[in-house]
Amino acid sequence: MFLQQRRRSLKNAGAAFALCGLLWLCRPAFGQTDSFVIEDIFGRTLNSRGIVLVDWEGHLANPAIQLFLRPPFDAVFPLQIALSANGARLYFDLPSTWCAAGPAKSIAFESVSSKKSFLISIFPDRDTLPEDYILTIAWSGGGGTQRTQNVDIHVIDQDKDQALLFDILIDFSQDKTGFFGDPAKRDIVTQAAKDWAYFIGDMSLDTVEQAAETTWIWNQDGFKSGYYVTNNSSYNGFLLFVYGIHHDQLRSGGEPSAGGGFQTSAGRELPLKRSGGVEVEIQGNYNALGWFLTSGDDDWWFSRNLSGEPNDLYSIVRHEMGHALFFETHYPKFASFKADGAVRDEAVYAYQGSFPKIDSHDHFSGEVDRASGKGMFGNEYHGTYGVGMPLGRWIITKLDLLCAQAIGYRLRATTAFVSAFIKDEKLPQGRIGEPFSGWLQAEGGIPSYFWSLESGDLPDGLNLDSFTGEISGTPARGGISYFNVRLRDNDESNPGVSRAKSLTVNPRTDEMLLVLSPNGGEVWDGGSRQTILWESQGSIAAVRIDYTTDAGKTYKSIAPSAPNTGSFVWVTPIESMKTCFVRIADAGGDVMDASDSAFGISERLLPPIHFQGERHENRSLLQREFVNFLRWEPPPGPRGIVFKYRIYIVEGSTRNLLAELGANSGEYLHRKVEKDKTYTYALVSVDSENRESQAVTLTIR
Ligand SMILES: [Zn+2]
């Protein structure tokens, strides 16, 4: 009733305006009249921008991107919509369907204020090309009319053509079944090995000499009896024997070589095995239906590896390789995690927020990778019961790899393992009245990004695009603007990172100044000599150099007038400062520039100065003693840094504490010293965190 009134009133444009204002008050999150509003986790409307998905580097379960839908005002409720997308590798969260034509999902809206979320992701491919797809929303409008709405989907592909840093050498020579006589099967095994190997970093492994490694091979009838083989030739990496078996349990297996050795690096033993085996049941996986042999990533959806269908050879082989390479109790760290019940590792916890539990089969039972929603190693069946993400080809997850790292492997810094960060790229200078465009740049994490201005202001007339990081517009006034930008990525649990930046707008002249150093990110020692560098154009004879630590509210002078030579040596103040910018201006203060991003100065604790003293004889009625009288002055710089002083007596290479004195003290009487003995003292400043400065020494004879 309410909505129909509203729709009618909207036809009368003049009357609608006032009503519209009223509706704003009672429904602050405003939808659209005749189409869905699609939003990201930051509440930004994506209708015209499109959806961004990322295909992380390597063959890895990609992050699931959460999106929200708000129904159109003119819809009839309850409303059922059909969501679909036109790519074989795309999928939605469950319940949904997925197949070669792409995924589909039904979502119900009870009322105009319903806001429903869904997840979308893409199965990885192996090329390096970005892709574009379309998300379609279809529903029945009033009067039974069929309505559709399209939203663009852009996929960022982060794959790279890079050489492997770790080799898994496949040896089919022990296959007595003929199963691996088929090149298509061998190719699948090789691909699975490369997919794991891509994520392993360079561990400077020593070469395993010929016949130095022993590997257990199961006989053709499976897990009953077997024999040992040794390596035919020297190798570097992991030697993996892959062969067929037939066992009445119709199961495959994978394990490191129990009787073999451990990897070494420069002769030092690593907790990593260096050979193993993968045995493939030739009739199928827990059935005798044979195997599905993949021909590419577009057929990831074909086999769900359930009991009534041929299972996907890639999935099972890659899983069994996981046991051979990482997840098995002959890896000492895995064994201790298993004894403890879970992978208690900080990096794993930092990502996942929990410690993945290990079951009796060396599987991570019930564990789901946080970013992708896919079941991790041994829990690849996650998604069977209408929750989670669709089943299909089993895939490496970020959590699998963090657990591999926890047992002793080094990971390569692939994109999934680099947190989102702001790059220190130079922003151009603006000119008053001229159109300006400059980009803040970021990398890592889960694109797309969300840029925001955290504090400070952009120059008048300029705006920041939250999606692209572009700063654009036409600056109205000259000067330097200081501001903090915050970068967030598509991970709700990540608060993001921020950076203090500057942007300069100069008048339209031929003169130009450009600060080159410090230009952001440096941390200079307080009290040290540092060279400030700049470039200039035009006829600027002298420059004024100063710095700010409060985003331009105040400046402290470095040089009121220095010749414009492009460099100036600055003795930095002894003070701890995190967000400093150096500013260089011409004499009139018309043309200027500042460091692009903040640099820092770390205070350095200096020793006391003027440490001196002498021996006195002290006589009284009752006794006669000799006293060494020590004096010093506080170090230069702000007083607050020194918390106390310590005096040591130095004897040979040992130093024994003589006294601790307050920061206000400047003398000490070392009483009852021996008349003819030589004493050497070391005096240090100590700060509030109990750090000592370098020592100054004094010898009294
Ligand atoms: Zn397993």
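Modeller: With burial: a residue is buried if 20 or more other C-beta atoms lie within 10 Å of its own, exposed if 12 or fewer, and partly exposed in between, with C-beta atoms placed from the backbone. The model is predicted, so local features need pLDDT of at least 70 and side-chain atom pairs pLDDT 80 or more, while totals for chains, interfaces and linings use all residues. Residue numbers start from 1 along each chain as its sequence is written.

Biologist: Why is Asn305 called buried?

Modeller: Asn305 has 20 C-beta neighbours inside 10 Å, so it counts as buried. Asn305 is in the loop between strand S18 (291–292) and strand S19 (311–312). Strands here are DSSP runs of E with at least two residues, helices are runs of H or I with at least four, and both are numbered from the N terminus.

Biologist: What makes the phi of Asn305 worth noting?

Modeller: Its phi is positive, about 60°, although Asn305 is not a glycine. Most residues other than glycine have a negative phi. Asp362 also has a positive phi, near 65°, and is not a glycine. Asp362 lies in the loop between helix H6 (346–352) and helix H7 (398–406).

Biologist: Is Gly521 buried, exposed or partly exposed, and why?

Modeller: Gly521 has 13 C-beta neighbours inside 10 Å, so it counts as partly exposed. It sits in the loop between strand S29 (512–517) and strand S30 (523–525).

Biologist: Which residues does Gly521 contact, neighbours within four places in sequence aside?

Modeller: Asp424, Ser597 and Phe599. Contact means that the C-beta atoms, placed from the backbone, lie within 7 Å. Gly521 and Ser597 are 76 residues apart in sequence, with their C-alpha atoms 6.9 Å apart.

Biologist: How do you know that the length of helix H3 (residues 183–197) agrees with its residue count?

Modeller: The expected span is 1.5 Å times one less than the number of residues. For the 15 residues of H3 that gives 21 Å, and the end C-alpha atoms are 21 Å apart, so the two agree. Among the buried residues of H3 are Ile188, Ala193 and Trp196. Their cover includes strand S10 (168–171), strand S13 (238–245) and helix H4 (313–325).

Biologist: Which residues have the most contacts inside the largest nonpolar core?

Modeller: Trp196, Leu240, Val317 and Met321, in a core of 99 residues. A nonpolar core is a set of buried Ala, Val, Leu, Ile, Met, Phe, Trp, Tyr and Cys residues joined through C-beta atoms within 7 Å. Leu240 is in contact with Ala193 and Met321, among others.

Biologist: What makes strand S8 (residues 131–140) and strand S9 (residues 146–157) a pair?

Modeller: Two strands pair if DSSP finds at least two bridges between them. Ten bridges join S8 to S9, and the two run antiparallel. S2 and S9 are joined by five bridges and run parallel.

Biologist: In what order do the strands of their open sheet lie?

Modeller: The order is S2-S9-S8-S4-S6, five strands with mixed pairing. Strand S2 (51–55) and strand S6 (104–109) are the edges, each pairing on one side only.

Biologist: Which residues does a cis peptide bond with omega of about -5° join?

Modeller: Leu94 and Pro95. Pro95 is in the loop between strand S5 (90–92) and S6. Another cis bond joins Pro447 and Ser448, with omega about 5°. Most peptide bonds are trans.

Technical notes
Contact = placed C-beta atoms within 7 Å.
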